Amino acid sequence: MLELYHGGPGANSLKALLPLKEKGIEFTGHLMNLLQFEQHEPWFVKINPNGQVPVLVHDGKVLTESTVINEYVDETFPDVPLRPQDAFGRAKMRIWTKFVDEYFCPALSFLGWHAMIRTAVQHLSPEEFEARVARIPLKEQRDKWRESAAQVWLPEQLDEWRRKVRSSIERMEQGITGPWMLGSQFTLADVSLFSMLIGMPVRYADIVNEKDSPRVIEWYARMMERPGVKATLMIPQPGREFLAARQKAAAHGSQS
Ligand SMILES: N[C@@H](CCC(=O)N[C@@H](CS)C(=O)NCC(=O)O)C(=O)O
């Protein structure tokens, strides 16, 4: 029995969903609305004390950390392999997944939170917001929710995160070695990078575009043709729908 708690096809949740779909593995998905703080509810914090998704539960065994989940899934369900067969290839793959986790994802995440959290929570009174934030187990996540809602990040900080995002795309552009990141085999390196890239040709068109990053654009188009990717992107993303509704309400001056 395989279960995945996730927020739909975006960021780290997308990263954990994609291999399951690529491999055609049956699983029970528990879809959560992250912008309504469902991941901090006591029942979920019992499953993941960090109060974050994705979380994989395999026969009662709980695993967190999307990159670790993906390696576990690939090792446990090897029929459609998503890691190179040789040790050097797997090491090269991990250089990309580590780069995403330590450099690309954090920069992109701060920019994303800056762009969306204020709108997502402005219908809450300060007391309601604080009550929700108080339940967040990790201090750094409490800070991130508070700071992004209050829009306190400085232009220099935002510029630095944008620089890191741009340099991540440049690194990809130079690093693609074949149809896929590592050449002929589609691997977890593609999965990790695509999970960050998914909205970028629209939201970061000044960085991801045919002129500045043509190989990334071609790779992205190949990714979008994969049946596993298409199936994953069909999964709803409640946070995105919730945010669109909040943006509409804000545009009409409504707090309801
Ligand atoms: N290192 C973790 C990070 C997980 C993570 O940042 N999850 C985000 C969604 S992409 C989350 O749950 N955010 C909601 C929150 O922290 O309140 C992983 O790769 O799984």
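Okay, helix 8 and helix 10. Helix 8 covers residues 188-197 and helix 10 covers residues 214-225; their axes come within 11 Å and cross at roughly 100°. So helix 8 and helix 10 are roughly perpendicular to each other. That word has a cut-off here: 65 to 115 degrees is roughly perpendicular, under 35 is roughly parallel, over 145 is roughly antiparallel, and the rest is oblique. The axes are lines fitted to C-alpha atoms, for helices over the stretch in contact, with angles from 0 to 180 degrees between N-to-C directions. And helices are DSSP runs of H or I with at least four residues, strands are runs of E with at least two, both numbered from the N terminus.

Before I go on, a word on the source: this is a predicted model, where local features need pLDDT of at least 70, side-chain atom pairs count only at pLDDT 80 or more, and totals for chains, interfaces and linings use all residues. Residues are numbered from 1 along each chain as its sequence is written, and side-chain values use heavy atoms, with hydrogens and water left out.

Back to the pair: which residues make the contact between helix 8 and helix 10? From helix 8 we have Asp190, Leu193, Phe194 and Leu197, and from helix 10 Val216, Trp219, Tyr220, Met223 and Met224. Contact means heavy atoms within 4.5 Å. By class that's 8 nonpolar, no polar and 1 charged. Nonpolar is Ala, Val, Leu, Ile, Met, Phe, Trp, Tyr, Cys and Pro; charged is Asp, Glu, Lys and Arg; the others, Gly among them, are polar.

Helix 10 has another crossing, with helix 7, residues 155-175: those axes come within 8 Å at roughly 80°. That makes helix 7 roughly perpendicular to helix 10 as well. Helix 7 brings Ile169, Met172, Glu173 and Gln174, while helix 10 brings Pro214, Arg215, Val216 and Trp219. Here the classes come out as 5 nonpolar, 1 polar and 2 charged.

Pairing needs at least two bridges found by DSSP. Strand 1, residues 2-6, runs parallel to strand 2, joined by 4 bridges, and Leu4 has Gly29 in strand 2 as its bridge partner. Strand 3 and strand 4 are antiparallel, also over 4 bridges, with Leu56 opposite Leu63 in strand 4. Their hairpin has 2 residues between the strands, and Asp59 there has a positive phi near 50°.

Most residues other than glycine have a negative phi, and most peptide bonds are trans. Val53 and Pro54 are joined by a cis peptide bond, omega about 5°, and Pro54 sits in the loop between helix 2 (42-47) and strand 3 (55-58).

Last stop, the ligand. What about polar contacts, that is, N or O pairs within 3.5 Å? A backbone N or O atom of Val53 is 2.7 Å from a ligand nitrogen. A side-chain N or O atom of His40 is 2.8 Å from a ligand oxygen, and a polar side-chain atom of Ser66 is 2.7 Å from an oxygen of the ligand.

Notes. Polar contact = N/O pair within 3.5 Å; in protein donor to acceptor, adjacent residues only side chain to side chain.
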